[in-house]
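Here are some friendly notes to read alongside the structure. Keep the sequence and the 3D view open while you go through them.

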Amino acid sequence: AELLANVLDSLNAAKRPQQPVELLVVANNCNNGTAALLNDYAANPGTRLPLRWIAEPTPGKSHALNRGIP
């Protein structure tokens, strides 16, 4: 969760493209506070990049990628 918070801070500090951007996070078998962090971020966007997230309970990169495709 701490590393993800740093990534989100970095993305929000970066120069933004002119077209709309939305972040999509697939939380892959997370149990370290990631869901709370993402719920808080999504509920309080302010001037930050919009974010949607979904949980994937099965561990593994391929499961996370396949979950995010739809």
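The numbered points below go from the overall layout to single residues.

1. Please keep in mind that this is a predicted model. The protein has 3 helices and 2 strands, and along the sequence they come in the pattern α-β-α-β-α. Taken along the principal axes, the C-alpha atoms fill a box of roughly 35 × 25 × 20 Å. Of the 70 residues, 19% are buried.

2. Now look inside. The largest nonpolar core has 9 residues: Leu4, Leu8, Leu23, Val25, Ala27, Leu38, Tyr41, Leu49 and Leu51. The top contributor is S1, with 3 residues. As background, nonpolar side chains in soluble globular proteins tend to be buried together.

3. As for pairs between aromatic rings, the structure holds 0.

4. Leucine 11 belongs to helix H1 (residues 2-13). Why is leucine 11 called partly exposed? Its relative accessibility is 38%, and the partly exposed class lies between the buried limit of 20% and the exposed limit of 50%.

5. How many salt bridges does a search of the whole structure find? There are 2. In one of them, arginine 52 pairs with glutamate 22, with the closest N and O atoms 3.1 Å apart. Arginine 52 is in strand S2 (residues 51-56) and glutamate 22 is in the loop between H1 and S1, so this pair ties together parts that are 30 residues apart in sequence. Glutamate 22 is partly exposed, at 42% relative accessible area.

6. Another salt bridge joins the side chains of arginine 67 and glutamate 56, at 3.9 Å from N to O. Because arginine 67 lies in helix H3 (residues 61-68) and glutamate 56 in strand S2, the pair links parts 11 residues apart in sequence.

7. Finally, check asparagine 29 in the loop between S1 and H2. Its phi is near 55°, a positive value in a residue other than glycine. Most residues other than glycine have a negative phi. Asparagine 29 is partly exposed, with a relative accessible area of 42%.

Definitions and conventions: Residues numbered from 1 in each chain as written. Predicted model: local features only at pLDDT ≥ 70, side-chain atom pairs only at ≥ 80, totals over all residues. Heavy atoms only, no water. Helix = DSSP H or I, 4+ residues; strand = E, 2+ residues; numbered from the N terminus. Buried < 20%, exposed > 50% of the residue type's maximum accessible area, 1.4 Å probe, protein only. Phe/Tyr/Trp six-rings, centres within 6.5 Å; stacked < 30°, edge-to-face > 60°. Core = buried A, V, L, I, M, F, W, Y, C linked by side-chain atoms within 4.5 Å. Salt bridge = Lys/Arg side-chain N within 4 Å of Asp/Glu carboxyl O.
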